[in-house]
Amino acid sequence: MKREHSHRETSAVKTGSSSMTANKEEAGGFDELLVVLGYKVRSSDMADVANKLEQLEMVLDDGISHLSDDTVHYNPSDLSGWVDTLLSDLNPTCDQVKPDQDSEYELSAIPGSAAYPRGKRTRTGSDSPTTTRSMVVLDSQETGVRLVHALLACAEAVQQNNLKLADVLVKHVGLLASSQAGAMRKVATYFAEGLARRIYRIYPRDDVGLSSFSDTLQIHFYESCPYLKFAHFTANQAILEAFATAEKVHVIDLGLNQGLQWPALIQALALRPGGPPDFRLTGIGSSLTGQSVQEVGWKLGQLANVVGVNFEFKSIVLNSLSDLKPEMLEIRTGSESVAVNSVFELHRLLAHPGSIDNILLTIKSIKPDIITVVEQEANHNGAVFLDRFTESLHYYSSLFDSLEGPPSQDRVMSELYLGRQILNLVACEGEDRVERHETLVQWRNRFSMGGFKPVNIGSYAYKQASMLLALYAGADGYKVEENEGCLLLGWQTRPLIATSAWRFNRVE
Amino acid sequence: MAGSDQVNLIESKTVVPLNTWVLISNFKLAYNLLRRPDGTFNRHLAEFLDRKVPANANPVNGVFSFDVIMDRQTNLLSRVYRPAYAGDPPSFTDLQKPVDGEVAPVIVFFHGGSFVHSSANSAIYDTLCRRLVGLCGSVVVSVNYRRAPENRYPCAYDDGWTALNWVNSRSWLKSKKDSKVHIFLAGDSSGGNIAHNVAVRAVESGIDVLGNILLNPMFGGTERTESETRLDGKYFVTVRDRDWYWRAFLPEGEDREHPACSPFGPRSTSLEGLSFPKSLVVVAGLDLIQDWQLKYADGLKKAGQEVKLLYLEQATIGFYLLPNNNHFHTVMEEIAAFVNAECQ
């Protein structure tokens, strides 16, 4: 971790005489002061944005709240784009299908044009100079702090390869954990087990998908908390928008698993105004999966049949996503709209050098209309073990805290599901360590540099996702956040998963 | 009245830098979209539009932050800001390291938003709190109090009270000199109103509040004052929107004579003889509610309480959000002096 020089903000106390200091510009041309406040406005656009704001104020008075109900907003950080949306909303030039605001929890098609940001190329790499370490203190008890302290001390000993000390400390952790209650105890237990396995070299097998047990765990995780549902929902929303007017659509799911994401999409397509498109699903599975990919496809086909959607399914079984070749997908260029969907799959490829580049190349070559990506919002792939350990300890503490509540089988299984991720993260190395989560900022960089263009997820999806969360007990703690066109779901103020959408179908 | 509106827009543009004008006009427009005539509020869209930033335990410009849960029942979160330690960034166990120094002021901050908008993790307030840390060298605790119209009076005050107690009981916030937490209350707009009311509650309780810092505090009353009439709609704010926010915050059926709105009005209780903290009250000369704010400062004086009034003639609302004007620097210096006076 970089050392920070601690210095007082020298610009805070100025004694200049001019009342309006010149606006400093940063390399990307954005007004520096507004960037800090979350708005990206080019200094050269400032006057134009001001004019548009004036225009809007002149035609609107206080009674404009009806506009908020009808308009779908995108990426509020792009102020220029936002005011343009409002202006065009006052002056509709094309047939805009408005979402049916009364149909709660339903995915409905919205024309995608507003979702695509303006043509201007925005500079990438203008991230904050330091990395963010998001921290929520959930348990202010004395014992909780001591427990974390012991875990970190043990991890540090492991980092320094002082295994004798680590051995002593991990036993100490075990003792402390047993006197702790709630989420902290469970988290500590898993992290301690991970450390122990690392110390004694009893590595957990990568048996994800080796048996139907893994499938079972995921289903329980799906049922007990909103994370997977949020992932599916937001990704489906983006896909629906991209498919708004398509007659034939093709979804490629990079990790089909139980196919839990697709019933909702199939139903939404069935209800599309103007009738459903022909729906083709290509499900990719690992050669180790429990339930066969084909079976999942078959069940989805039955559902599609019931709701009246023409359905076609193809299964592809691979050892690694890196082995995916474009010709395997049999894209019907020119006659179908293509979506590529990845929920918690891509990070695994970071365990093998070159793999992520292979899959991105493959994706690019089929020129999808939309690519939906959901990943854990954390950097668990740093080079230094101790950093990874610390990051993930805080991440899973928040996650486990969100699961707390009356005991249930779903919850116990969910904790086990997450526990296996912890073990992999802490105990494994090299190609075996597959839980290599990276942050939205990191994924954004990777996609931007790969030539992909962002597709903004808007306020309609945000609102529906928020309402979906209200169904869960402890809903107060879950928060949906919009971040430059992407949606994040978090617990308390800690974002935990991020959904982003991209495209690569036009020559710019 | 398109003609005079045009004049209004041009006027407001001449008194603030362009990027400030764009920022505040953007808020004004967004807020207009969110308030419904029937008194309800489009909370989903509000949260979607609000620009938020995460806490960051890695120091940035000498300040790091982390979030704490003060009360699980009400889900009361706050963001704690601290000056960076020398050496490595703090680990989890260091976050609550005891404060340095014989006297270590702690500022409990209540963000503005007319009781309805913004959060402790809104970018504008995260930025402001970070500046306060840099300025005063103190810990700042920004309270994410419950907002109207979903949570009316007295929820925000209750949360402020909970926060004050929490801060007061943290061993790691105690000053070495007397083993007590040296607390200042601060806030802008509705936050200033909350600071006042929490200070009132503190008076009888044995919790010492060393000072109140009120930035453009939100007060009102039933009559229309001269400043409200003169400045209505001219500098981003209208009397109509002020009325809407009071209706959203005050208990249903109440009017603006309610003491929460009008602390020196006909229904208020006297502060005379009470050991109320000294106050720094900042009033912007282009804020239409200034008559109420001046009345507040006056009321404190008449009750024999110590108050310093800082009147900034050419300042509009939100001047303290961007460091691109003189008022900003003036106020920051005053706040630093106010807080550090305690350290002598």
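Strand S2 (residues 248–253) of chain A pairs with S5(A) in the parallel sense over 5 bridges; two strands pair if DSSP finds at least two bridges between them. This is a predicted model, in which local features need pLDDT of at least 70, side-chain atom pairs count only at pLDDT 80 or more, and totals for chains, interfaces and linings use all residues. Residues are numbered from 1 along each chain as its sequence is written, chains are lettered from A and ligands numbered from 1 in the order in which they are written, and side-chain values use heavy atoms, with hydrogens and water left out. Helices (H or I, at least four residues) and strands (E, at least two) are DSSP runs, numbered from the N terminus.

**Strand S5 of chain A**

- From S5(A) the chain passes through helix H13 (residues 355–365) of chain A to S6(A), a β-α-β crossover that is right-handed (with the strands pointing away from the viewer, the path from the first strand over the helix to the second runs clockwise).
- Because 7 of the 7 residues of S5(A) (residues 337–343) are buried, this strand is largely enclosed by the rest of the structure; buried means under 20% relative accessible area, exposed over 50%, and partly exposed in between (1.4 Å probe, protein chains only).
- Both faces are covered, with A:Ser337, A:Ala339, A:Asn341 and A:Val343 buried on one side and A:Val338, A:Val340 and A:Ser342 buried on the other.

**Helix H11 of chain A**

- Buried residues of H11(A) are A:Val293, A:Val296, A:Gly297, A:Leu300, A:Gly301 and A:Ala304.
- Seen down the helix axis, the buried residues of H11(A) fall within an arc of 145 degrees, so they line one face; the arc is that of the directions from the helix axis to the C-beta atoms.
- These buried residues pack against helix H10 (262–270), strand S3 (278–286) and strand S4 (311–318) of chain A.
- A:Trp298, A:Asn305 and A:Val306 are exposed on the other side of H11(A).
- Just after H11(A), A:Gly308 has a positive phi of about 80 degrees.

**Arg43 of chain B**

- B:Arg43 belongs to helix H3 (residues 43–49) of chain B and counts as buried because its relative accessibility is 15%.
- Leaving aside neighbours within four places in sequence, B:Arg43 is in contact (heavy atoms within 4.5 Å) with B:Val116, B:Arg147, B:Ala148, B:Pro149 and B:Glu150.
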